[in-house]
Amino acid sequence: MAAMTQLDPVLAELAGRLGVATEYDDWVGTRVQVAESTLVAVLSALGVDADTVEARVNSAFELDRRHWQLRLPPTTVAQTGAAAKVWAHVPHGSPARVWVRCEDGAERRDVRQLENYTPPFDLDGTLIGEASFALPTDLPPGYHRLLLCSDADGNPWEADAALIITPAWLGLPERLGAHRLWGLATQLYSVRSKASWGTGDLTDLTDLAVWSAARHGAGFLLVNPLHAAEPVAPMEPSPYLPTSRTFANPLYLRVEAIPEYSRLGKRGIVRRLRDDVRRRDRKRGLIDRDAAWAAKREALQQVFHIKLRAGRQVAFAAYRERMGSALNDFAVWCAIAEKFGNDWRRWPAGLRHPRSHKVAKFADKNKRAVAFHRWLQWQLDEQLAGVQSAARQSGMALGLMTDLAVGVHPFGADAWALQDVFASGVNVGAPPDEFNQLGQDWSQPPWRPDRLAEQEYRPLRAVLAAALRHAGGVRIDHIIGLFRLWWIPTGAEPTAGTYVHYDHDAMIGIAMLEASRVDAVIVGEDLGVVQPWVRDYLRARGVLGTSILWFEHDQWQGGAPLRAEYWREYCLSAVTTHDLPPTAGYLAGDHVRLRESLGLLTRSVEEELAADEADRSAWLAELRRVGLLPEAPEPDSEPGEEPGDEDVAGPRARGTTPLAEPGEEEIITALYRYLARTPSRLLALALPDAVGDRRTQNQPGTCDEYPNWRMPLSTPDGRPMLLEDLFRDPRAAALCEVLDAATRSGSPAPGSDPSGGPSAGS
């Protein structure tokens, strides 16, 4: 490894104060020093000039001034039961009093002042002192206010700021007890029925939830992010690159399920639009969102014109009031995008900021268009409520588990409405790891940690509340991003980034607070390059992790498969994920050949295939070790070997037929039975695995090079499979029953298989 160069100490100090890493450990454990140019670019994105030595000195002083100008921290976050302190800045020598106004209006005056020997700061000729206070340890969870009062020579010195008290522990809802749950994991757009408009929709999701719960005992249904996409073509195919995370995608609406549809006099037009989409869909091999949305949008416009009855008008008004200005901003963005395109940075200058008077003028002139997009979100809210209600009524303990994407599209509605919170000049991504050896640039703008605190974390609270509004759980994609994110200067390679740290106590704590309010569970996707202490922290707070079978290795045993009994309990465990091929494709090594064809490998395809084969062989050996697959067939006897030399208890015992290699379906079933042996509280069955589909939904590191997020659910031979076919599919039913049997029997005892397989070692 090359020797590290000495960084300018002032640059290093600035980076440290703002949580910007100057060095890090890569995925193989090598310490890497961040380039100075990267640090300068990232600091600039945080509003700090670090181009020259003089600029760095001035920036350090300005950071001091900003700190001492604050009378209270913008946001203080603490845990229930924990001793927490808060500082206050008042004129030096003046008395100070701090108290708490709780969310319910009650006031707590039992805030105790502590000793603080911090020297005063000269702020523009006025000495400012710092006082410290201990907060009560029995404050209830909630969004409270801190209040400060002081008196300097008869002049009142007052301030108030956010105080957020979060649960110390979340865990699973008490109603689950010690039970484990299983559920399907699906990409909704790919799951279509005879009544769909080219993509799966919320009625299809309802039917899938009811089938999996009522017929097979599923406890949850994990679905891809349903976040909003662009209102006009081209629509971004990735559900993980949405235009907004607070609002949903109307592509998922079922037109015929809207109450006003029954009063539509032009239902023939709607049927023709739907039938035309279906005819064209049968000719394509891939999901066409743009065509589906064009037809559905025209139909939705027809329904929108139907006058709401009185009760429905009240309901719509209540929804608008609840969502407030955020709904209006989103609807206005959609209306402007329909006229000027999806990239707000290319709009006329007067429309590029939501608080511009020209934006207000546009909204007033285009009231009908704005109202349409508000109405669409109301319909989505109602249909999502219906999904969750049907899921719970069918027996699901959790119901819907939504997925929260890492970030948003840089051209989209959230980036426009919240542009003062997002950093510019950088993108979010990921450094190189085992499966993405060139690193990844997700093209998303990151939140600025300082601006989040200044806004009392309201943007984070909004997206979490939206994700949990009609759900029993949320999966937070790349939950490591609540600890640190990989920031890449615009135009640089993904390898030329660095980590920027966030206040994880605040970010995780607020997620827990939102989940606790609706009795929901949080699953964090903690894969990739993860600091070991992070998983310990999440476990200590009762936030579940994620385990994918192919990534579970025992580092103490040379990277061998991690035995089932050693997997994490507080975890959602699965065999595969949407960033890998379904298990049938993985067993065939499809992911290696695909990455090789796309130029994503950093070593030869032969080396990758050999490593992949070794890993699969190790897992097959583990399945045989625990008795979930028969022993491997042995080679024919060598010349001179006597038949009697064979082990009479083995598979080639005298007088028996040599065993054949297990088939794909048998291996997949064995893998899920192995998953059932783990102590993990939540088990996920990928819907493509249930039907034998083998094409991956997403190849990380690609955009148009591979048709990401466009694959319909298909049979093993590649024919699209409809929901009605799934409900009759014996393979799907059998695999569902494997996990249903496992969870109905409770936690597995060591060495036993609750799904009906033989005991380990038998």
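Where is Glu-456 found? Glu-456 sits in the loop between α11 (449-454) and α12 (458-468). We come back to that residue further down.

## Ground rules

This is a predicted model, where local features need pLDDT of at least 70, side-chain atom pairs count only at pLDDT 80 or more, and totals for chains, interfaces and linings use all residues. Residues are numbered from 1 along each chain as its sequence is written, and side-chain values use heavy atoms, with hydrogens and water left out.

A few terms turn up throughout. Helices (H or I, at least four residues) and strands (E, at least two) are DSSP runs, numbered from the N terminus. Buried means under 20% relative accessible area, exposed over 50%, and partly exposed in between (1.4 Å probe, protein chains only).

## Aromatic pairs

A pair of aromatic rings is described by the distance of the centres and the angle of the planes. Here, rings of Phe, Tyr and Trp (its six-membered ring) pair if their centres lie within 6.5 Å; planes under 30 degrees apart count as stacked, over 60 as edge-to-face and the rest as tilted. By this rule the count comes to 20 aromatic pairs. One of them joins Tyr-24 and Tyr-499, edge-to-face, with 5.7 Å centre to centre and 85° between the planes. Tyr-24 belongs to strand β1 (residues 23-25) and Tyr-499 to strand β21 (residues 498-501), so this pair ties together parts that are 475 residues apart in sequence. Both tyrosines, Tyr-24 and Tyr-499, are buried.

Phe-304 and Phe-372 make another edge-to-face pair, at 5.3 Å centre to centre and 65° between the planes. It also links distant parts of the chain: Phe-304 is in helix α6 (residues 289-304) and Phe-372 in helix α9 (residues 367-393), 68 residues apart. Phe-304 is buried, at 9% relative accessible area, and Phe-372 is buried too, at 1%. Back at the tyrosines, ring pairs link Tyr-24, Trp-486 and Tyr-499 into a cluster.

## Charges over rings

A charge sits over a ring if NZ of Lys or CZ of Arg is within 6 Å of the ring centre and within 35 degrees of the ring normal. The charged end of Arg-320 does this with Phe-316, 4.5 Å from the ring centre. Arg-461 lies over the face of Tyr-143, at 3.8 Å from the centre of that ring.

## Helix α16

In helix α16 (residues 590-597), His-591, Val-592, Leu-594 and Arg-595 are buried. Seen down the axis, the buried residues of α16 fall within an arc of 165°, so they line one face of the helix; the arc is that of the directions from the helix axis to the C-beta atoms. An α-helix has 3.6 residues a turn, so residues three or four places apart point the same way.

The buried residues of α16 pack against α15 (583-587) and α17 (605-625), where contact means heavy atoms within 4.5 Å. After α16 comes Gly-599, with a positive phi near 70°.

## Strands and sheets

Two strands pair if DSSP finds at least two bridges between them. An open sheet of five strands runs in the order β3-β11-β10-β5-β6, with mixed pairing. Its edge strands are β3 (75-79) and β6 (107-108), each of which pairs on one side only. Strands β10 (residues 142-152) and β11 (residues 155-166) pair in the antiparallel sense over eleven bridges, and Asp-151 has Pro-156 in β11 as its bridge partner.

Elsewhere, strand β14 (residues 227-228) pairs with β15 in the antiparallel sense over two bridges, with Ala-228 standing opposite Ser-244 in β15. Strand β15 (residues 244-248) is mostly covered: five of its five residues are buried.

The loop between β14 and β15 holds Pro-234, and the peptide bond from Ala-233 to Pro-234 is cis, with omega near 0°.

Now back to Glu-456: its phi is positive, near 60°, in a residue other than glycine. Glu-456 is buried, with 10% relative accessible area. His-478 also has a positive phi, about 50°, although it is not a glycine. His-478 is in the loop between β19 (473-476) and β20 (484-489), and it is buried at 16% relative accessible area.
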